[in-house]
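Here are my notes on the model you passed along.

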Amino acid sequence: MSSVAPKILVTRRMPEAVNKKLKSHFTVSLNETDKLFTSSELRKALEEADGILCSVTEKFSRTILDLSKRKTQIISNFGVGLDHIDLNFAKSSNIVVTNTPDVLTDATADLTILLILSSTRKAYSWEKKLRSGLWSGFSPVEDLGVSLRGKTLGVIGMGRIGKAVARRAHQGFGMKVVYFNRSYIGSIDFPARPAQSIGHVIREADVISIHLPGDKSNHGLINKEKISLMRAHAHLINTSRGEVIDQEALVDALSSGRIAGAGLDVFQNEPHVPQSLTSLKNVTLLPHIGSATQEARDAMGFLAVDNLIAHFGQKQYPSRVV
Ligand code: DGY
């Protein structure tokens with residue numbers, strides 16, 4: 001690294017341990033108020049900082065990145081998904097982009113299981129009843145959920161997180177696993193059957209879990225037609241990106257009772273969640289907290305910093321994407 005420490009601008013408030021590590025290597029500009037950057041503040045940051053540590057909340061579109069006086073050489077993303085950054089433009093402009101895979105896999109897979117259990121055991125609707133004083137006591141038959149044992153989990157996108165969810169579902173809950181992955185993925189160390197298409201997974205599964213990147217090509221992939229293939233008792237779980245599901249089509253299927261339930265941690269146009277979703281009892285809604293454990297968030301921050309250290313020290317990046 002050169003004798004003058006590179007300037008790193010951090011767009012969001014980070015865990016304390018991450019700030020400490022950043023400060024020991026760089027000249028750092030932190031965002032202690034955690035107020036979201038406007039487009040013009042992002043442009044200014046690109047003109048002033050050697051590197052930017054950002055998260056999914058900062059949209060680095062071509063319009064933002066395309067600056068004649070840009071100083072930033074690297075965007076180190078705190079998170080694995082990179083749909084908020086125009087990677088093609090970054091590549092053509094020699095901006096390095098890194099992310100934080102692996103370290104959030106367990107946390108996100110755990111949260112996916114939480115949503116699967118919540119949806120199949122009607123946790124939200126029961127809790128709502130209890131909190132509104134409408135619970136009249138134990139009942140042998142009222143509003144029963146379903147067991148996961150022997151049921152089929154359909155995984156769409158069998159990457160790191162998809163596999164971690166499938167492993168938990170199989171080993172922990174006795175589920176069978178069927179999956180679709182666009183590319184061939186060698187052997188898996190637990191029983192899991194590949195299907196020919198997303199449609200085949202959807203038709204067969206009792207619980208469908210989406211683990212796809214939010215690239216434009218995946219927007220609206222789980223559309224009305226695909227949702228119509230779901231079994232009437234099936235549940236749809238999404239901890240990847242909201243844009244992958246046609247949210248309106250999902251609302252229709254849930255409100256008409258066409259499908260049994262859903263569990264969502266991600267939405268189209270976050271942080272806006274429409275009342276058509278929040279008013280439904282058969283959907284569990286969480287605010288994009290897949291990786292929100294102290295352990296995962298520290299590890300994501302450390303990895304984001306390690307990518308910056310590698311860049312400015314001309315070492316091998318732990319996780320470079322562009
Ligand atoms: C991720 O890692 O992609 C999370 O969704 C936060 O960005």
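1. Ground rules. This is a predicted model, so local features need pLDDT of at least 70 and side-chain atom pairs count only at pLDDT 80 or more, while totals for chains, interfaces and linings use all residues. Residues are numbered from 1 along each chain as its sequence is written, and side-chain values use heavy atoms, with hydrogens and water left out.

2. The ligand shell. Around the ligand you will find V56, G79, V80, G81, L104, R241 and H288, where being near means having a heavy atom within 4 Å of the molecule. By type, the shell splits into three nonpolar residues, three polar and one charged. The classes are these: Ala, Val, Leu, Ile, Met, Phe, Trp, Tyr, Cys and Pro are nonpolar, Asp, Glu, Lys and Arg are charged, and the others, Gly among them, are polar.

3. V80 uses a backbone N or O atom, 2.6 Å from a ligand oxygen. R241 brings a polar side-chain atom to 2.8 Å from an oxygen atom of the ligand, and an N or O atom in the side chain of H288 is 2.6 Å from a ligand oxygen. Taken alone, the ligand exposes 230 Å², and the protein buries 86% of that. Accessible areas come from the Shrake-Rupley method with a 1.4 Å probe, and for residues only the protein chains shown count as cover.

4. The core. Which residues have the most contacts inside the largest nonpolar core? They are L22, L53 and M158, in a core of 42 residues. A nonpolar core means a set of buried Ala, Val, Leu, Ile, Met, Phe, Trp, Tyr and Cys residues joined through side-chain atoms within 4.5 Å. The elements giving two or more residues to this core are β1 (7-10), α1 (16-25), α5 (105-120), β6 (152-156), α7 (160-173), β7 (176-180) and α12 (294-312). Of these, α12 gives the most, with seven residues. Helices (H or I, at least four residues) and strands (E, at least two) are DSSP runs, numbered from the N terminus.

5. A262. This residue lies in strand β11 (residues 261-264). A262 is buried because its relative accessible area is 0%; buried means under 20%, exposed over 50% and partly exposed in between, with a 1.4 Å probe and protein chains only. Leaving aside residues up to four places away in sequence, A262 touches S119, H235, L236, I237, L250, L254, N282, V283 and T284. Contact means heavy atoms within 4.5 Å. A262 and A234 are 28 residues apart in sequence, with their C-alpha atoms 8.5 Å apart.

6. S55 lies in the loop between β3 (51-54) and α3 (62-65), and counts as buried because its relative accessibility is 8%. Beyond four places in sequence, S55 touches T11, R12, N77, F78 and H84. T152, in strand β6, counts as buried at 9% relative accessibility. The contacts of T152, again beyond four places in sequence, include M175, K176 and E204.

7. The loop between β11 and α11. Look at the peptide bond from E270 to P271: it is cis, with omega near 10°. P271 is found in the loop between β11 and α11 (275-278) and is exposed, with a relative accessible area of 81%. N269, in the loop between β11 and α11, has a positive phi of about 55° although it is not a glycine. N269 is exposed, at 55% relative accessible area.

8. D143 is another non-glycine residue with positive phi, near 45°, in the loop between α6 (123-131) and β6. D143 is partly exposed, at 30%. S256 sits in the loop between α10 (247-255) and β11 and counts as exposed at 55% relative accessibility. A polar atom of the S256 side chain lies 3.4 Å from the backbone nitrogen of R258.

Methods. A polar contact is a pair of N or O atoms within 3.5 Å; within protein, one must be able to donate a hydrogen and the other to accept it, and residues adjacent in sequence count only if both atoms are side-chain atoms.
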